[in-house]
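Here is a short tour for you, with the structure open alongside. We will go through helix packing, the sheet and the aromatic rings in turn.

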Amino acid sequence: MSNHIHSYLALGDSYTIGESLPIFESFPYQVVQMLRKKNMLFHAAEIVAKTGWTTFELAEHLIHTQLNQQYDFVTLLIGVNNQYRGLSAKDYEADFEFLLKKAVHLAGDKADHVIVLSIPDWGATPFAEGRDKEKIASEIDAFNSINERISKLYSCQYINITPGTREAANDASLVAADKLHPSAKEYERWAAQVAEVVEGRLVYKLIS
């Protein structure tokens, strides 16, 4: 096996940071731990994300930030704040496509090394009590239909985590103490799916 230590860049918002949890319980850190347990060499995840960021704010940050020229894998999870602030789907579509193209470039133009995660449904959390949960769900579905279509257009990997996040409505263990963000248990479920995709790409590379 190669001695190359793989790099991983995680782009996003509070869901990528693991808001209200220790950083090691965030999904990017859990991804790396899972892969290391399978004897795959990985640097710690580099996280470019901030609570509250929309697609536009993430894009602005990337334009003005010097990152490594290339990463072996990149994940992108962004859009909940667009929905939360009532921003347009049209703007989301343009911003998301820009971000995805940037992610592919940062992954050394290997589109299959870019993994997009769908937007979680925060309407299923206790934080959304008293709000129009059906409206939240339908708007998030609309944003996810956009990010899924664009991801497939660019031949990137896509993981639909949204249905699992809706289980929080009946399972408090999937929600953090702030009653809004996912718990470490929920992030572990995302991380397992991301790690499976990454492992698949690395195994494919070895046998091809």
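Please keep in mind that the model is predicted.

**Helix packing: H3 and H5**

- Two packed helices are described by the angle between their axes and the distance between the axes.
- For helix H3 (residues 55–63) and helix H5 (residues 89–106), the angle is about 35° and the axes are 9 Å apart.
- The crossing of these two helices, H3 and H5, is left-handed.
- On the H3 side, the residues in contact are Thr 55, Phe 56, Leu 58, Ala 59, Leu 62 and Ile 63; on the H5 side they are Tyr 92, Asp 95, Phe 98, Leu 99 and Lys 102.
- Sorted by class, the contact between H3 and H5 is made up of 8 nonpolar, 1 polar and 2 charged residues.

**The sheet**

- An open sheet is built from 5 strands in the order E2-E1-E3-E4-E5, with parallel pairing.
- Strand E2 (46–49) and strand E5 (157–159) are the edge strands, each pairing on one side only.
- Ignoring direction, neighbouring strands of this sheet are turned by 20° against each other on average.
- Strand E1 (residues 8–12) runs parallel to E3 and is joined to E3 by 5 bridges.
- Across that pairing, Tyr 8 stands opposite Phe 73 in E3, and Leu 9 stands opposite Val 74 in E3.
- E3 also pairs in the parallel sense with strand E4 (residues 114–117), over 3 bridges; here Thr 75 stands opposite Ile 115 in E4.

**A closer look at strand E3**

- How many of the residues of strand E3 (residues 73–77) are buried? The count is 5 of the 5, so E3 is largely enclosed by the rest of the structure.
- In a regular strand the side chains alternate between the two faces of the sheet.
- In E3, Phe 73, Thr 75 and Leu 77 lie on one side, with Val 74 and Leu 76 on the other; these residues are all buried, and both faces of E3 are covered.

**Aromatic pairs**

- A pair of aromatic rings is described by the distance of the centres and the angle of the planes.
- Searching the whole structure turns up 8 aromatic pairs.
- Phe 42 and Phe 73 have ring centres 6.2 Å apart and planes at 35°, so this pair is tilted.
- Tyr 187 and Trp 190 make an edge-to-face pair, 5.0 Å centre to centre with 90° between the planes.
- Both belong to helix H8 (residues 184–207), where Tyr 187 and Trp 190 are 3 residues apart and so separated by about one helical turn.
- Because buried means under 20% relative accessible area, Tyr 187 counts as buried at 0% relative accessibility, as does Trp 190 at 1%.
- Ring pairs also link Tyr 187 and Trp 190 with Tyr 15 and Phe 27 into a cluster.

Definitions and conventions
Residues are numbered from 1 along each chain as its sequence is written. This is a predicted model: local features need pLDDT of at least 70, side-chain atom pairs count only at pLDDT 80 or more; totals for chains, interfaces and linings use all residues. Side-chain values use heavy atoms; hydrogens and water are left out. Axes are lines fitted to C-alpha atoms, for helices over the stretch in contact, and angles run from 0 to 180 degrees between N-to-C directions. Helices (H or I, at least four residues) and strands (E, at least two) are DSSP runs, numbered from the N terminus. A crossing is left-handed if the near helix is turned anticlockwise from the far one by less than a right angle, and right-handed if clockwise. Contact means heavy atoms within 4.5 Å. Ala, Val, Leu, Ile, Met, Phe, Trp, Tyr, Cys and Pro count as nonpolar, Asp, Glu, Lys and Arg as charged, and the others, Gly among them, as polar. Buried means under 20% relative accessible area, exposed over 50%, partly exposed in between (1.4 Å probe, protein chains only). Two strands pair if DSSP finds at least two bridges between them. Rings of Phe, Tyr and Trp (its six-membered ring) pair if their centres lie within 6.5 Å; planes under 30 degrees apart count as stacked, over 60 as edge-to-face and the rest as tilted.
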